[in-house]
Amino acid sequence: MSRLNITLLGALHFVLLLFAQVLLFDNVRLFGYVNPMIYIWFVLMLPYKTPHWAVLILAFLMGLCVDVLSFGQGFHAVTLTFIGFIRPFVLNFYTGNRDIAPYQRPTLSDMGFMQFAFYISLLVIIHHLLFFSLDVFRFDEIFPFLLRLFLSTVSTVVIILLCDFLFLRKRE
Amino acid sequence: MRGLFRFISKFYYVFLFLILEIAAVFFIINNSYYQGSKIGNYCNSVASKIFQKQDNITYYFGLSVENKRLAKENAALRSQLLTSFVPVNNDSIVVNDTDYVQQYSYVEAKIIERTLGKRNNYFVINKGEKNGIEQDMGVICADGLVGFVVKTTDNFSLVMPVLHQDSRHSVRNKRTNVTGTLIWEGGSYTEGRIIDFPSSIPLKRGDTIITSGFSSNIPEGIAVGYVDKVYLDKGTGFYEVNIRFSADYNNLKYVYVIKNFFQSEERKLMSNIEKDKERN
């Protein structure tokens, strides 16, 4: 894969996930709590060797676009930029001594189920915790807050795992 | 100097991160209050065009439910028509129709975008200043209370529904006529909470809650919900009541925006109170 191809693919992912989030998943409102945020996946699946500045700027842009299209008030931009910032540190645990090809991505088939599920869950929990704290901000509403956090995290993680399995699986 | 450059080039992404976060926080500050212009401008922007397109497509899926709801409402309205009534005794009925002046008129509108899962939710409707919608007008639907208009543009309006932390509505128990305040504490969009019901007057599960008519933008007697759970706050002597909303905000498509012809008169009167406060 050339550099141009990977950039075009990235742009395609960006647009697809943005519209999937705004037009489809923002309309999912099970029990009034569950709101899957699949757009986070865009930052999580960028290739290992994407430069740090590119991850940060792409995360910021993605967050800003979701904000503008869904009354996000800027919370999506703040939280996703933070995810873009800590992603390299989390990925360091996984890459360690492994040889990484230029455009290799952290996906299900690349990392294996357990590691991938843990990687996705960790960053999604951090994202949702930050996002809902910015949104709610009150101690006396702690119970709905925790329920929302739990249900949204589970739904986001499950949907990302499913999408990865369906669309990014290597076909032998 | 070279040391400084080396330091910056080594940790450049930390600085980039901080700069981007500061930009995002500025974005939040500009948007945090609903009257801050940015969210209002949302109605003019590309976003509303996208949602209008999306609505044109998804609109068809809910038509059968919507038809049933409209037919039901038509039946209810038809039963209130003058022709549905037969005079009991021809001699004793006198209709002085000049005694009545119209106070409210309704504009129908379609919801084209909404949030429900957030702490503070908004609806966007497809009628704006061109259709005579103004800020502070009340919004209801066939099944109950929705909220009021907080921002208008030429073709769209932003509605603050009851599902918002700044939402306060004066409500009344239909059976006992006791008034209280409707708030929303986050969580499910099917449940609201009423504070300020005095505990001296008993309350039953299933009691109907309606609007009290104390606010000038929403008429009296609009359904709000049904009493679900009742807690007694021993410290204050007031009930805390959980209610189920009568309207299903998830499937809501059409709403009515209420124009109150007496609003300016009421406002003029209310402004005296503010003048009074300034004087003290």
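This is a predicted model: local features need pLDDT of at least 70, side-chain atom pairs count only at pLDDT 80 or more; totals for chains, interfaces and linings use all residues.

Colleague: Which residues are closest to the centre of the largest pocket?
Modeller: Glu73(B), Ala76(B), Leu77(B), Gln80(B) and Ala142(B). They belong to a lining of 19 residues.

Colleague: And which element gives the most to that lining?
Modeller: α5(B), with six residues. In chain B, α5 (63-78), β1 (104-114) and β3 (138-141) each supply at least two.

Colleague: How do the lining residues of the largest pocket divide into nonpolar, polar and charged?
Modeller: Nine are nonpolar, five polar and five charged.

Colleague: Switching to strands. What is the strand order in the barrel?
Modeller: In chain B, β6-β7-β8-β11-β10-β9. Those six strands close into the barrel with antiparallel pairing. From one strand to the next, the twist averages 40 degrees.

Colleague: How many bridges pair β6 and β7 of chain B?
Modeller: Four, in the antiparallel sense. Strand β6 covers residues 169-173 and β7 covers 179-183. Arg172(B) has Thr179(B) in β7(B) as its bridge partner.

Colleague: Now charges. How many salt bridges are there over all chains?
Modeller: Nine.

Colleague: Where do Arg69(B) and Asp143(B) sit?
Modeller: Arg69(B) is in helix α5 of chain B, and Asp143(B) is in the loop between β3 and β4 (144-152).

Colleague: Hold on, what is the N to O distance between Arg69(B) and Asp143(B)?
Modeller: The closest N and O atoms of that salt bridge are 3.8 Å apart.

Colleague: Is Arg69(B) buried or exposed?
Modeller: Buried, at 18% relative accessibility. Asp143(B) is partly exposed at 31%.

Colleague: What about Glu108(B) and Lys127(B)?
Modeller: Their side chains meet in a salt bridge, 3.4 Å from N to O. Lys127(B) is buried at 16% relative accessibility, while Glu108(B) is partly exposed at 43%.

Colleague: And which residue does Arg193(B) bridge to?
Modeller: Glu185(B), with the closest N and O atoms 3.6 Å apart. Arg193(B) is buried, with a relative accessible area of 14%. Glu185(B) is partly exposed at 30%.

Key: Residues are numbered from 1 along each chain as its sequence is written. Chains are lettered from A and ligands numbered from 1 in the order in which they are written. Side-chain values use heavy atoms; hydrogens and water are left out. On a 1 Å grid over the protein atoms alone, a cavity is a set of points where a 1.4 Å probe fits but cannot get out, and a pocket is an open set with protein on both sides within 12 Å along at least five of seven lines; lining residues have an atom within 4 Å of a point. Ala, Val, Leu, Ile, Met, Phe, Trp, Tyr, Cys and Pro count as nonpolar, Asp, Glu, Lys and Arg as charged, and the others, Gly among them, as polar. Two strands pair if DSSP finds at least two bridges between them. Axes are lines fitted to C-alpha atoms, for helices over the stretch in contact, and angles run from 0 to 180 degrees between N-to-C directions. A salt bridge is a side-chain nitrogen of Lys or Arg within 4 Å of a carboxyl oxygen of Asp or Glu. Buried means under 20% relative accessible area, exposed over 50%, partly exposed in between (1.4 Å probe, protein chains only).
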